[in-house]
Amino acid sequence: MQNKALAARTASHLSSALALAALLAAGTAAVAGPAEEGGSYPPDRTGPYAIGHTTVVITDTSRNVDGSTPVTSSGRPLYLHLWYPTTAATTQHVRYTWNDPVYNQNPGGTVYPGLPDLPALSFTGSSSFNPVAERAPLASGRFPLLVATHGLEVAAAKNMPDTLETLASHGYLVASVEHTGDDDAFYQAFFLETYVGLSLGPDPRLTSPSVIYQRSKDVSFVIGAVLQGVVDQKTGIAFSRHIDSENIGVLGYSLGGETTLATVTGISSEGLPADRRVKAAFMGAGSNYGLLLNSADYANADIPLMFFGNDTGIAYENFNAFTHSHPKYLVDIAGFNHHTGGYQTSWCQDFHNSMVAVNPSVFPQAFINAAALSPTDIANYVFDATFYFSYTGPRELGIYNFCDGSVFKDISDAQLVSVLFGNPQILAVKNELQGSMPLEPELAIAETTRLTNWYAVSFFNKTLKHEDAASQYLTNSSANQRSNPLVHFVANCERAKAHPLDLQPGDRITFIPMGNTGYDVSVTSGATLLDPGPTRLTVGGNASVSLSYPGFSFPAPGLPEPISTLIVDENGAITSRTSADYSGVDDNGSPWYMKGQLLLSNRLTIAALMKDLDSTAAATGGGVFGYLDAANGRVIVTYAAVPATGTTELNTLQVVIYASGQIEMIVGELAATGPIYSPGILGTIGIAIGQTRASDLRKVKPISFSELRNGPPVFLPVGRDGAIYEQFYSSTGASCTSE
């Protein structure tokens, strides 16, 4: 959810750490001034204004710190970052940190009562993508207001920061709210108190009826505070007099996407009405986690909507259910990485700048005798230890796949080992991969950021500024397809025919490598599953496990070196080099999204369903297994009786990899449902080397494995020319008859 490590994942890593501890007792130049008449400012570039920025803390006195009522406290403080149009020319860049003053400037809990006194992070923040003038005067004119809401346990300045700057340059006042009790500062305080044992004071989490309810209340409060001049009084800048109050928008990323949607649909189950002041909403990469919203809520939205990026449970299943929203758009991006897509250019900067500040001696001492250490050193350490490698371990793809190898400059081996809680495997992985970084050039952060800018600016220009020229960027024209090859664009109605599962129990799909270009592929019926072996892999909670056996490797067409390490993901993906990113957050958005995950990853991927599976809910004796069958020169990975998340129907599929490079997939049983939040995404099966170029993505077509059943082998290419895969899905939910 564009979040810090989830508690279960962190606890898993931390338990190993504590056991060890016990043993040890740039962007473009600003344009100063509005456009000349007839000037053209493409939406994926900065607009006619320079960019101003300021920050402020405002307090909602109608709620307590945790959002609860009745009020028995001084209120709920909220930290805002504001970007806005200015005519003050600047070539300077500003720094955005992770610190939140309501936590980090709260000595003894006296400034913001009811919140902890959290040690501030001392590392240099990320630089703004564009030149930004701090506290510059606001440009003359009237501007639409946009309120931005961040992902789970993130920060206001790390929520699509490049896009928020770009929107300001196009003439928008953008207020990004930090959700007290659900931001990174809250999480840091929680970790430091729970696992390190520091005494920081109260650290309330957002309370009932739900986190999204309280977040939406934050958004509505910020709209009112800006319109009523509260922000003017705090900043000394007369924002309220320059706001076009009839044209207000909301945008958010990840959990902020759901916050955005709930703000304009309301939450009927919790009695939250829609905020009718909002006239357009942009949901980035997340809209209905936990299935909080229902069909009545969807129908309650009556304003233009844009769903951008992989959007769990909405982008494919329920887009058509928003029957009263006109226009509405779906911008589905193949292979879009959830985490880096939200942080944008701050991602790699913050990794480097935070890591060089880590004092490696903090581990394991922080978990033994924290009082002997500097609180700032502990805070810097915990930030990294619970972030970049905490999702899937030393082969976490976020850094290797999207950052340049220079990101490791000045970071010592000791620092790397310490943030992985003493696991030295990270050094071997770094030495293996650093020279090839970034590993996913077709999905570069720069490109997904450009797409975010393109669609956010165009959408708001059309719906809030009512600019006819913006419409040209919001079509599925061949020109736009050439400009944006990663995008599957839908306006108003998603039409998709079903492609049901037709593989049968006992089907064996065999891939025999033929030179360096492809495989002979055959499908035979009547196969029986092999012994899965005794080793159950610990992959619960969307984790992955690396399998490497002395003396075992196998070749794959199109790859220069044999593969000796397999990364087995809980969610039906076996990859090389780095872990898959098909968690419950990044999975099941749409067939187009999963196609990108398979074809553009620049690594071997064996798709063994590639949907959100829950191995912890496997039937008795089931789970994910992996072992080396040395006698037959093969590795066997078995997904045994594993349901999709939130369901009970079971999936059993076995992958057999021979030292010769031959790969077999044996079907036990396949459930005709995806996870509960996206039941129409049934799975993806096949093999790809991941070397397809984005510009060729539309040319690569799936095959039908069932049509090969009991026939002769067929040669099929892989590499840049294609992949061998099939996707299974139901038709899109609601009809488009009312559109």
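Tutor: We take the salt bridges in turn, then a helix. This is a predicted model: local features need pLDDT of at least 70, side-chain atom pairs count only at pLDDT 80 or more, and totals for chains, interfaces and linings use all residues. Residues are numbered from 1 along each chain as its sequence is written, and side-chain values use heavy atoms, with hydrogens and water left out.

Student: How many salt bridges does the structure hold?

Tutor: There are 14. A salt bridge here is a side-chain nitrogen of Lys or Arg within 4 Å of a carboxyl oxygen of Asp or Glu.

Student: Which residue does R63 pair with?

Tutor: With D218; their closest N and O atoms are 2.5 Å apart. R63 sits in the loop between β1 (50-60) and β2 (76-86), and D218 in helix α5 (residues 211-227), so the bridge ties together parts 155 residues apart in sequence. Helices (H or I, at least four residues) and strands (E, at least two) are DSSP runs, numbered from the N terminus.

Student: Is R63 buried or exposed? And D218?

Tutor: R63 is buried, at 2% relative accessible area. D218 is buried too, at 0%. Buried means under 20% relative accessible area, exposed over 50%, and partly exposed in between (1.4 Å probe, protein chains only).

Student: New topic. Where do E447 and R450 lie?

Tutor: Both are in helix α16 (residues 445-463), three residues apart, about one turn of the helix. An α-helix has 3.6 residues a turn, so residues three or four places apart point the same way.

Student: How accessible is E447, and R450?

Tutor: E447 is partly exposed at 21%. R450 counts as buried at 18%.

Student: What about R709 and D507?

Tutor: They meet in a salt bridge, 2.8 Å from N to O. R709 is in the loop between β23 (681-688) and β24 (714-717), D507 in the loop between β12 (487-491) and β13 (508-514), so this pair links parts 202 residues apart in sequence. R709 is partly exposed at 23%, while D507 is buried at 0%.

Student: Which residues do bridges with shared partners join into one network?

Tutor: D60, R63, R76 and D218.

Student: Now α18. How many of its residues are buried?

Tutor: Nine of the nine in α18 (residues 591-599), so the helix is largely enclosed by the rest of the structure. Among them are W592, Y593 and K595.

Student: What do they pack against?

Tutor: β11 (328-333), β12, β18 (605-609), β23 and β25 (724-729). Contact means heavy atoms within 4.5 Å.
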